[in-house]
Structures are given as C-alpha cells and as structure tokens.
Amino acid sequence: MTKEELRYGEDYKFIPATSVTSGASVEVRPDLYCHTIQIVNICLVGDPDKKEFVLVDAGMPKSAGDIIAVTEKRFGTDSRPQAIILTHGHFDHVGAVIELVKYWNVPVYAHEAEIPYLTGKARYPEPDPSVEGGMVAKMSAFFPNEPIDLGSHVQPPPSDGTVPHLPDFRWIHTPGHTPGHVSLFRDRDRSLIAGDAFVTVRQDSLYKVFTQETEISGPPRYYTTDWNAARESVRKLAALQPEEAITGHGVPVSGDKLRKGLEKLAREFDRIAVPDYGKYVH
Ligand SMILES: [Zn+2]
Ligand SMILES: [Zn+2]
C-alpha cells in the first residue's frame, strides 16, 4: 500500500441511531449474507466454503470492528474480502471504509460518477432537514456530509457492467439518490442488492426506522436530490422483476411481497416516494 493519506471528512462522527435489527444477520441465499449495522445494511457476497467473497457497502462510522467480526464469523479468522463495492458514498455506506481498506488492504469500487465524492473533490448537496419526512429528516442536519478521501484506493468497475470478483452479477446504474448510485443484480436467481435506490423501511419515520416495519419505499428523502432520475431507476429495477432484494435500509424482502411492492412503487412513485415539499422538489 502507498503512503497516501486516506481521510474521512472533518465532520465524521459516530451517529447514535439504532433499530431493532441492529446486529442481526440474515442469510438470504447460501452466498448472500445481510448484516445490519445500527440502521444500515452491509452485504457479504460469496460462498463461505470457498472463502472468496466481496463486501458490499461499509456501514456506519466507527463500525469497522463489528464488520471485521461479522466477516470472520462467516468466512473464518483472518479472512478478508477480495474487494469492497460501494452502492454509493453516503456516510452510512462508507462509515468504516478507511479502517477496512487499511486493515484488509483491498480495492474499493464505486461508479465513475461517485468517485469525486469519495476522493475529496466534491461534496453531496446538504441533506434537506426541511423535506416532508419527520424526525429523521430533521436529524439529517447532523449527519456527516464532508467528503472522504480514498485517493487511489477507489476505482470504477469495468464499464461493461461486470462486477469485479462477482462473475454472476452485473452492476446497474441507478442514479437519483446520488449521481453514481449502483445496484447489483444476478440474473440466475434474480437477486438484487439495491442500495438506497429503494428501501424496505420508511426512512422518514423515526419510529419505523426503529421498528423496521416493512414497507417498500422510495429512496431516503432528505438525501435524494434528483427525483426524476430516482423514478427512472426504480422503474429500471422493477422491470428486472427481482425475486429477492437486499436494500440499504430495512429487512430483505422476497417473492410476491417484493414484486407487488416494487411494482406499486414504480407505478405510483410520485405519490409514494416524492415528498410534497422540500428544497430538491421542483
Ligand atoms: Zn444514501
Ligand atoms: Zn443509506
């Protein structure tokens, strides 16, 4: 590893948010493992017997110890992923990435359009605490927003849609929540890792975030700046007819519940997902 300095933004800090599923793991498929860090999910993709796997997203700030423990529990002591793939660069998806990169010495992949936000060159628009959406939106004013800098450790995946180290998956550009947001899809069993393109718990209710009551919902409102792109992305994912979905927030959802919920969200996106007011609503 080079001597390059990796750093978090200046406002990086632990966020005291939690949910009933914090610390819980779900094996969605034999090679698809979802674990909840406080209020956000990470995903370990790979067969535990083969010891080759990838980590999708990097949890909340100060969660590296938890992520390493979960990884070693599943893949064995001293195991490490071949790469970390980021669906996007919000603080709750990159919260432990620097410690993990240093500890594991592995590459990070993120969409080309997301790279400026991960290399200290661009900052996401401020979250909108005024958006329709209750307490979590209000809290968003305290979320870390300064960009982290992963330097040369982050790179885009191949432009042909293939995902490094996951030959069965392809990445799909699903912008709207952020410009370079991606989702991962496996055609063989229609497994989807959706990031925050849509989520299975309403992020605008502190109560529902805590109880994790399942409800297929649009991307978290206080952070989503391009609602037209977000709508197109949800329609793109609904058209894939996923059988199983792991989202950035909320429990994994499958089968009929997923299909119907996602179709409804795609059809009635403006009513269900787009807030009635907020600074990014036009
Ligand atoms: Zn996000
Ligand atoms: Zn998120």
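Seven strands make up an open sheet in this predicted model, in the order β1-β2-β3-β4-β5-β6-β7, with mixed pairing. A strand here is a DSSP run of E with at least two residues, numbered from the N terminus, and two strands pair if DSSP finds at least two bridges between them. At the edges stand β1 (25–29) and β7 (154–155), each with a single partner strand, so one side of each has no neighbour in the sheet.

Strand β6 (residues 108–109) runs parallel to β7, and two bridges join them. Here Y109 stands opposite Q155 in β7. As background, strands of a sheet pair through backbone hydrogen bonds, either parallel or antiparallel.

Now for another sheet. Six strands form this open one, in the order β8-β9-β10-β11-β12-β13, and its pairing is mixed. Its edge strands are β8 (162–163) and β13, each pairing on one side only. Two bridges link β8 to strand β9 (residues 166–173) in the antiparallel sense, and V163 stands opposite L166 in β9.

Further along this sheet, strand β11 (residues 191–195) and strand β12 (residues 244–247) run parallel, joined by four bridges; I193 has I246 in β12 as its bridge partner. β12 also pairs with strand β13 (residues 253–254), in the antiparallel sense over two bridges, and there E244 is partnered by S254 in β13. The hairpin of β12 and β13 has five residues between the strands, and G250 takes a positive phi near 95° in it.

A note on reading the labels: residues are numbered from 1 along each chain as its sequence is written, while chains are lettered from A and ligands numbered from 1 in the order in which they are written. In this predicted model, local features need pLDDT of at least 70, side-chain atom pairs count only at pLDDT 80 or more, and totals for chains, interfaces and linings use all residues.
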